[in-house]
Amino acid sequence: MPGTRSHSRYAADRGLTTRMVTTMFLIGLLYVVFVGVLLAVLRDSWPLVLVIAGGLFVAQFWFSDRIAAYSMGAREVTPEQAPELHGAVDRVCALADMPKPRVAIADSDIPNAFATGRSEKTALVCATTGLLRRLEPEELEGVIAHELSHVAHRDVAVMTVASFLGVLAGMMARVWLYSGLGRSSRDSNTAIAVLVIPLVSAVVYVISFLLTRLLSRYRELSADRAAALLTGRPSALASALTKVTGQMARIPTQDLRKAEPFNAFWFAPAFSSKESLGRLLSFHPTLEQRLDQLGRISLRLGRP
C-alpha cells in the first residue's frame, strides 16, 4: 500500500495515503471499464487492444520517470561536479534517515526542481542551474526536502500510474483513427465504434485528469508540510517558494512554454502567460495557500 516508509523520519500523512489509495482504486476501476468498452466495440480487434493497453502500461510504469527526466534535461552529477547540491541532498537524507537518490542538474535558467522514480531505489532528484544560482543553502535544503518527501511518501509512483490512463485514452483514440481499423471493418459496429471510441476516450481522459489534479494539489501541500517539519525551518521553504515564483516572471516566455507541460513534476509551476489555461487547471495549489500553511507551521513550531 502506498505510504511513508516505516523508518523514514518524514511525518506520515494519512490524508495523502487515503487519497492515493482512493485515486488508485478509481483509476483502476476506470481502466477496467475503458478496456472493457474497447473490447466490446472492437470485438474483431481485441488482441490488438490488449497488446496496446498492456504495452503502454508497462512502458508508462517502467520508463515514464526516465522519459520525464530526459525530457527536462536532467543529467546526473557527481559530488565533485555539484558539491552544493549533493551537500543539500546528503543533509536532508540524513535528517530523513532515507537512502540517497541519484542527483542531477538540468541546465535551465528556470528556477525549479523535481523528483522522479518508482521507489527510493530508482529515485532521482534534480535541480536546475537557475535554482542553484538563486537560492541560499537553507532555501535549497527546503526545496530538496520537499522533493524527497514525494519519494518517501511514494506519491511520485502513484502519480505516474494514475496519469497513465489519460495517456492510454488518447493513444487508443489515435490508433483507432489512424490505423485504418474503422475502414477495414465492414460490419454494423463500425459506425458505432467511430462515435463511441473518441467519446469514451474523451470522458476517460477528463475523469483521469481531474483525479490526478486533485491528488497532485494535495500532495504538494503535503510535501511542503513534511519538508517544513523535517527541517524545522518553514520560513526557509516559504522564502524559496516566494523567490522561485517571483523569478518566473523574468524568464523568457519561450522557455516557460517548454517547461509548462511538465508542471506536474516541478516544485513550482511555470506558466507561459497570465492567461494560460494551465493556471486554471494547475496541478499545484496557489502560492498563497502554500505560504499560509507554512505560516501556520511556523507559529506551531515557535519559529519567526
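I'll start with Arg154, which has 37% relative accessibility and so counts as partly exposed. Keep in mind that this is a predicted model. Arg154 sits in the loop between α5 (137-152) and α6 (155-162). Its phi is near 65 degrees, a positive value, and the residue is not a glycine.

Where else does a positive phi turn up in a residue that is not a glycine? Asp97 has one, of about 55 degrees. That residue belongs to the loop between α3 (83-96) and β2.

Next, strand β4. This strand covers residues 124-128, and five of its five residues are buried. Which way do they point? Leu124, Cys126 and Thr128 point one way, while Val125 and Ala127 point the other way. In a regular strand, side chains alternate between the two faces of the sheet. Here the residues on both sides of β4 are buried.

What does β4 pair with? Strand β2 (residues 102-106) pairs with β4 in the parallel sense, over five bridges. Within that pairing, Ala104 has Cys126 of β4 as its bridge partner. Strand β3 is joined to β4 by four bridges, and those two run antiparallel. Thr116, for its part, has Leu124 of β4 as its bridge partner.

Now the aromatic rings. How many aromatic pairs are there? The count comes to two. One is Phe114 with Trp266, an edge-to-face pair with 5.5 Å centre to centre and 80 degrees between the planes. Phe114 lies in strand β3 (residues 113-116) and Trp266 in the loop between α11 (253-259) and α12 (277-280), so this pair ties together parts that are 152 residues apart in sequence. Phe114 and Trp266 are both buried.

Phe209 and Phe283 also form an edge-to-face pair, at 5.5 Å centre to centre with 75 degrees between the planes. This pair links distant parts of the chain, with Phe209 in helix α9 (residues 189-231) and Phe283 in the loop between α12 and α13 (287-301), 74 residues apart. Phe209 and Phe283 are both buried as well.

Which ring has Arg19 over its face? That is Tyr218, with Arg19 at 3.9 Å from the ring centre. Arg290 lies over the face of Phe267, at 5.2 Å from the ring centre.

How values were computed
Residues are numbered from 1 along each chain as its sequence is written. This is a predicted model: local features need pLDDT of at least 70, side-chain atom pairs count only at pLDDT 80 or more; totals for chains, interfaces and linings use all residues. Side-chain values use heavy atoms; hydrogens and water are left out. Rings of Phe, Tyr and Trp (its six-membered ring) pair if their centres lie within 6.5 Å; planes under 30 degrees apart count as stacked, over 60 as edge-to-face and the rest as tilted. Buried means under 20% relative accessible area, exposed over 50%, partly exposed in between (1.4 Å probe, protein chains only). A charge sits over a ring if NZ of Lys or CZ of Arg is within 6 Å of the ring centre and within 35 degrees of the ring normal. Two strands pair if DSSP finds at least two bridges between them.
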